[in-house]
Amino acid sequence: MRTAEVKRRFLEHFEQRGHTVAASAPLPAEDPNLLFVNAGMVPFKPYLLGQVTPPYPRAASVQKCIRTLDIDEVGKTTRHGTFFQMNGNFSFGDYFKEEAIRLAWDLVTKAQDDGGYGLDAERIWATVYLDDDEAYGIWRDVIGLPEARIVRRGKADNFWSMGVPGPCGPCSELYYDRGPAYGREGGPEVDEDRYMEFWNLVFMQYERGEGSGKEDFPILGDLPARNIDTGMGLERMATLLQGVDNLYEIDETRPILDAAARLAGKRYGEHSGHSAAESHPDDVRLRVVADHVRTALMLIGDGVTPANEGRGYVLRRILRRAVRAMRLLGYEDPVLPELLPVARDVMAPSYPELAADFERISSYAYGEEEAFRGTLRQGSVILDQALDTAEDRLGAATAFQLHDTYGFPIDLTVEIAGERGLAVDVAGFRELMSEQRRRAKADAQAKKSGHADTGLFRAVLDESGPTDWLAYETLETDST
Ligand code: ATP
Ligand code: MG
Ligand code: MG
Ligand code: MG
């Protein structure tokens, strides 16, 4: 079943059951605490938090998402994309646990001839929060799931909150056992690649107080209106229904992967098994390329452009990672002019605006690759020499010089050094950076003339240089 059809059936199922279908919000989040929408519930937050009266009691959507938190998993697990689509159904004070569980179960087990997904019910597992006896009982008594396939899990996996006082509640996740070729037996607690999570049902029913972080906080009481927030990974369901080994092999990414393999002269899959653990490094790289090229297309399509900070820096880093992965595969010519049109062709049927806007999108992407090729040309000579002579780690002075003179971001230096088994003195690098910043500030102070001078702000911005990738990770919390 094609991904577009998985999506269509989802929306049809919920629309027929009283849900209003809402369009996806753009990837850049309106929420100031979030760079990108990272879950289907994000655009519905004002309704879920009770700040705005919802115009409808139930909704369904297929939301474009970005999770930079998952970037290092891409290609290594079978199930994490930086860009993905989250299908969700929502109840704003309307139905609750039992109906949410039934709605999900019906869609996934209903025969394909009947408009469902036709998953084998015998292979489905469910998790519930430790003391959520209500959800446990629904799975066992209403759905008829054997107790052996209902697992109680703790707060880290099965309790949702936003990390601050406000609504919270237990969740229940659905997993599919893909069989022994994909990993070890024993359920989701043993192997989350063999047992692939495909749907998370969040039951917002309590109010939490202040506490420390996401797991340690008091429950103040019940919410006046209980909500449902669910997220089903569209690519994960497509993976299961297309009988492929991972997310990067479904119809919306495989053509990009194949084109990349052709360029690099590799035969994808030749040296890998089905499971994540049995992946050849070249295949992991091809998956990264396929994922990142698609992600870049979707980001630029939604108005993000390469920059040294914020969203633009995420895009820049993703484009650069794709280009570098191709280099590690032995391909040194420009990559994006070959692969971006392939990504457009697979995504445009669902997002026609990508085709209409492709000239703008591609000119940003190709321009960024050209600039990066220049950076690499200049910086690589210095970096290679330094790495050849470094003993156990690359010194701060070299990392600083690379940054200062050649525009080599520190994370790129760390990545390249890491590939050669070397660490980088990042703490020392930061020291040199703040010294430089202090000097620049002192200079600027000396020159300051007393009236508002945007040039000064400009200078500070330039001196701060590329912002840290990691700084953005802390802005993100998994919302569903
Ligand atoms: P996992 O444990 O596999 O990382 P998760 O628990 O972080 O997933 P949720 O936050 O519950 O995921 O998101 C809801 C659903 O969205 C998941 O059940 C999954 O189907 C899908 N999903 C989450 N992260 C990704 C991703 N990086 N790529 C593709 N699909 C994802
Ligand atoms: Mg996750
Ligand atoms: Mg999970
Ligand atoms: Mg989950």
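Two strands pair if DSSP finds at least two bridges between them; helices (H or I, at least four residues) and strands (E, at least two) are DSSP runs, numbered from the N terminus. This is a predicted model, in which local features need pLDDT of at least 70, side-chain atom pairs count only at pLDDT 80 or more, and totals for chains, interfaces and linings use all residues. Residues are numbered from 1 along each chain as its sequence is written, while chains are lettered from A and ligands numbered from 1 in the order in which they are written.

**Exercise 1.** Find the partners of strand 2 (residues 58-66).

Solution. 
- Step 1: strand 1 (residues 20-22) runs parallel to strand 2, with 3 bridges between them. Threonine 20 has alanine 59 of strand 2 as its bridge partner.
- Step 2: strand 3 runs antiparallel to strand 2, joined by 9 bridges. Here phenylalanine 84 of strand 3 stands opposite cysteine 65.

**Exercise 2.** Describe the shell around ligand 1.

Solution. 
- Step 1: 19 residues surround the ligand (C-beta atom, placed from the backbone, within 6 Å). Among the closest are His80 and Phe84.
- Step 2: strand 8 gives the largest share, 4 residues.
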